[in-house]
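Have the sequence and the model open side by side for this one.

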Amino acid sequence: MAVGTERERVPRWAGAVELNPILATVTPFTRDHRVDTGVLGDYLGFLHESGVRTVLVNGTTGEFPALTVAERKAVLEFTRSHWSGQVVAHIGTSAIGDAIELLDHAHDHADAVAAIPPYYFAEPAEAGLREYFGLLLGRTKQPLLVYNFPRHTQALITPGLIGSLAARYPMLAGVKDSGTDRGVTRNYADTGVSVFIGSDGAAAHIAEHGALGIVSGGGSPVPELPVRIAQALRAGDHDEAIRWQKVFDECRVLRRRSGLTDTAFVKAALAERVPGFPVAVRPPLVAADDVQSQEIRTHLRTKILPQMDGS
């Protein structure tokens, strides 16, 4: 992954990343809650065959708060050894020491890193967030994405903070914005850093918000859709992008109707695309039951996949 020079101050990612979706992976578990690396390999193969070229591992969709530091390292190492594209490793934790340990490990196994604010302490002072990210940005050897997800962290990363970090730390590559305020998204872009929106519903609309692409948490069961939307945008075919966005939105509606968490839904749907994919999640998340799983798989097979196959 290309890193900008000191003169450029803010590193720019390789052109291959721009307008391409970054797929946030889930972590498959066995029935006794161990990481299932056998299925993980099949899953990564499925994503690559579908056209995905960049994955983010150990993110929110990957249940990172439920993984130990050792497990997060193992998942990253396995992904690196089975993935020929670019790998973004999420290294954020509540404890700065753990984040630094994961950052140092990622230097040997990832092309870039992402870090969420330390969670549990709601509404932390901006000075504290500046110090937290400053410690990581001053140490990283790779481009780093600051990961804004205020719904979970109760810590909004302000555009002002991003601007001040970008001015001081050349390794700040951009923001993964999983917030819902698109005014904030636009203000991030105005700081000059790259912005990736953490919402599947924004895939065809990134230009409106000054973003380069999306980080898709719900795209795993249908990775062809964000890939096709990105292809259409690169070709300047907005109508085609909107066409596939409408199909992608059907998946989002199905996810909301299921009543499941995003991760539990994605795993249930993946069982339709990757043979033997387990629906298991770790507590406190709750997995889809047999009825829910069957309804999701049936809808995907009969309503959504036929639209994709008929392209």
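Which strands does helix H2 lie across, and at what angle does H2 run to E3? Helix H2 (residues 69-82) lies across E2 and strand E3 (86-90), and H2 runs at about 175° to E3. Angles here go from 0 to 180 degrees between N-to-C directions, using axes that are lines fitted to C-alpha atoms, for helices over the stretch in contact. The helices (H or I, at least four residues) and strands (E, at least two) are DSSP runs, numbered from the N terminus.

A quick note on ground rules: this is a predicted model, where local features need pLDDT of at least 70 and side-chain atom pairs count only at pLDDT 80 or more, while totals for chains, interfaces and linings use all residues. Residues are numbered from 1 along each chain as its sequence is written, and side-chain values use heavy atoms, with hydrogens and water left out.

## The barrel

Eight strands form a closed barrel with parallel pairing, in the order E1-E2-E3-E4-E5-E6-E7-E8. Neighbouring strands of this sheet are turned by 25° against each other on average, direction ignored. Strands of a sheet pair through backbone hydrogen bonds, either parallel or antiparallel.

Ile22 has Thr54 in E2 as its bridge partner.

## H9 against H11

Helix H9 (residues 238-258) packs with helix H11 (residues 290-309) at an angle of about 170°, and their axes are 11 Å apart. H9 and H11 are therefore roughly antiparallel to each other (the label for angles over 145 degrees). On the H9 side the contact (heavy atoms within 4.5 Å) includes Trp244, Val247 and Leu254, and on the H11 side Ile296, His299 and Met308 are among the residues involved. By class, the contact residues split into seven nonpolar, four polar and two charged. Here Ala, Val, Leu, Ile, Met, Phe, Trp, Tyr, Cys and Pro count as nonpolar, Asp, Glu, Lys and Arg as charged, and the others, Gly among them, as polar.

## The largest pocket

The largest pocket holds about 1100 Å³ of space. On a 1 Å grid over the protein atoms alone, a pocket is an open set of points with protein on both sides within 12 Å along at least five of seven lines; a cavity is a set where a 1.4 Å probe fits but cannot get out, and lining residues have an atom within 4 Å of a point. Grid points are joined across faces, edges and corners, and a volume is the space filled by probe spheres set on the points.

Of the 45 lining residues, Thr60, Phe149, Arg151, His152 and Asp262 lie nearest the pocket's centre. H5 makes the largest contribution to this lining, with four residues. The lining has 17 nonpolar, 16 polar and 12 charged residues.

Two cavities of 30 Å³ or more turn up in the whole structure.

Asn58 sits in the loop between E2 and H2, and its phi is near 65°, a positive value in a residue other than glycine. Elsewhere, a cis peptide bond joins Pro283 and Pro284, with omega about 15°. Pro284 lies in the loop between H10 and H11.

Methods:
Parallel < 35°, antiparallel > 145°, perpendicular 65-115°, else oblique. Pairing = 2+ DSSP bridges.
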